[in-house]
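Here are my notebook entries, friend, from an afternoon of looking things up. Have the viewer open while you read.

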Amino acid sequence: MIIIKSKHEIEKMRKAGRLAAGLLAYVEPFVKKDTSTLRLNDLCEKFTKEHGAISAPLNYHGFPKSICTSINDVVCHGIPSAKAILKDGDIVNVDVTVILDGFHGDTSKTFLIGDVKSETRKLVSSTEEAMIRGINAVKPGEYLYEVGREIEQFIKKLGYSIVTELGGHGIGRGFHEDPMVLHHYSLQNRIKLKEGMTFTIEPMINMGTSSKVVISPDDGWTVRTKDGSLSAQFEHTILVTSDGAEILTKL
Ligand code: MF3
Ligand code: CO
Ligand code: CO
C-alpha cells in the first residue's frame, strides 16, 4: 500500500529531508583520508541528536551503527568501523537517514578521497547523473518504471551495470515503505505516480558488466560486488508534485 502524504505530513517530510541534507553537508569536510568511518558515524550521531532527531539506521533490523559507509567495492550497508580508514584513491558512500518529528529523510553521496583515477571519477559522476535523470523522470500520471527506464538507458551506454536486487523505497513515518523503486526498467514498477507520494531514488552502479552482489557472511549487512569491482551510489528523497518531483533532501 502506497501512502499519499497530506500537506501537513509533507511539511514534516520537508523538515526531515532538509535536516538529512544538512547532516550530509556537515560531515562532508570530515570525509578525508586518514579518517575512520567510525569517526564519521560518531560525528553524524552527535549532530543528529543535537538537532532533536534520531539516527534511523541505528538498531534498524539490528543494524549496529547510525550511518552506512560503503567503501570501493562495497555497494551499500557498510558498517562504520575504527578499522576502516579512508585512504588516497578510495571512493566512499556516506548514507544518512534521520527521523525528525516522526518522519524520515534519507540521502547519500559518494565522495572521492584524494587522488582518484579518472575512470573511477567517471563512474561516480555518472551515478550522480543517473540519479538526477531518474528524478527528472518523475511525473504524476506517469508510471514509476519511467525512473528505471531513464537510468537504465543512460547507464547501459556507459558499460556499467545497475544493481537490481536492491532499490529505492517509499518513505515517510516508515523508513522503508512501499513501493520498491527499481533503477532498471521493470513492469514490477507499473505503478501510476500520484501527487503526494514520497520515495527515494538511489541507484547503485557497478563498474563493469556484473550487477551481482553478495552479502558479507561475517556481519550479515555489508553488500559487496560479487566480482570485486567498484560501486557508486547517490540518493535523494523526493516528493511527487503536481508537475514533477521536489527533492526533499536539499538544503
Ligand atoms: N539508508 C539506507 C537506504 O537508503 C538503508 C540503510 S538500512 C541500515 O535505504 F539498516 F543498513 F541502516
Ligand atoms: Co534509502
Ligand atoms: Co539511504
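Which residue forms a salt bridge with lysine 87? I looked it up and found aspartate 90, with the closest N and O atoms 3.0 Å apart. My criterion for a salt bridge was a side-chain nitrogen of Lys or Arg within 4 Å of a carboxyl oxygen of Asp or Glu.

**Ground rules.** I worked on a predicted model, where local features need pLDDT of at least 70, side-chain atom pairs count only at pLDDT 80 or more, and totals for chains, interfaces and linings use all residues. Residues are numbered from 1 along each chain as its sequence is written, chains are lettered from A and ligands numbered from 1 in the order in which they are written, and side-chain values use heavy atoms, with hydrogens and water left out.

I stayed with the first pair and checked accessibility, where buried means under 20% relative accessible area, exposed over 50%, and partly exposed in between (1.4 Å probe, protein chains only). Lysine 87 is partly exposed at 49%, whereas aspartate 90 is buried at 3%.

I then searched the whole structure and got 15 salt bridges. One of them joins the side chains of aspartate 73 and arginine 224, at 3.8 Å from N to O. Aspartate 73 sits in the loop between S2 and strand S3 (74-76) and arginine 224 in strand S12 (residues 223-225), so this pair ties together parts 151 residues apart in sequence. For the names, helices (H or I, at least four residues) and strands (E, at least two) are DSSP runs, numbered from the N terminus. Arginine 224 is partly exposed, at 34%.

I also noted arginine 149 with glutamate 146, whose closest N and O atoms are 3.0 Å apart. Both lie in helix H4 (residues 145-158), 3 residues apart, about one turn of the helix. Salt bridges with shared partners also join Glu11, Arg14, Glu246 and Lys250 into one network.

**Entry 2, the cobalt site.** Which residues coordinate the cobalt ion (ligand 2)? I found Asp106 (OD), His169 (NE2), Glu202 (OE) and Glu235 (OE), at 2.0 to 2.3 Å. I counted as donors the N, O and S atoms within 2.8 Å of the metal (3.2 Å for Na, K and Ca); water is not among the atoms, so sites may look incomplete.

The site has 6 donor atoms with angles of 51 to 162° and is irregular. Six donors would count as octahedral if opposite donors were over 155 degrees apart and all others between 65 and 115. Along the chain, the donors follow D-x62-H-x32-E-x32-E. The cobalt ion (ligand 3) is 3.3 Å from the cobalt ion (ligand 2), and aspartate 106 coordinates both. Histidine 169 is buried at 5%, and glutamate 202 is buried at 7%.

How many of the 10 residues of strand S4 (residues 91-100) are buried? I counted 10 of the 10, so S4 is largely enclosed by the rest of the structure. Ile91, Asn93, Asp95, Thr97 and Ile99 point one way, and Val92, Val94, Val96, Val98 and Leu100 the other.

I took strands as paired if DSSP finds at least two bridges between them. S4 runs antiparallel to strand S5 (residues 103-112), with 10 bridges, and valine 92 stands opposite phenylalanine 111. S4 and S5 form a hairpin with 2 residues between them, and aspartate 101 in the turn has a positive phi of about 50°. Strand S2 (residues 68-71) is joined to S4 by 4 bridges, also antiparallel, with cysteine 68 partnered by aspartate 95.

Definitions and conventions: Four donors count as tetrahedral if all angles lie between 85 and 135 degrees; four count as square planar and six as octahedral if opposite donors are over 155 degrees apart and all others between 65 and 115; anything else is irregular.
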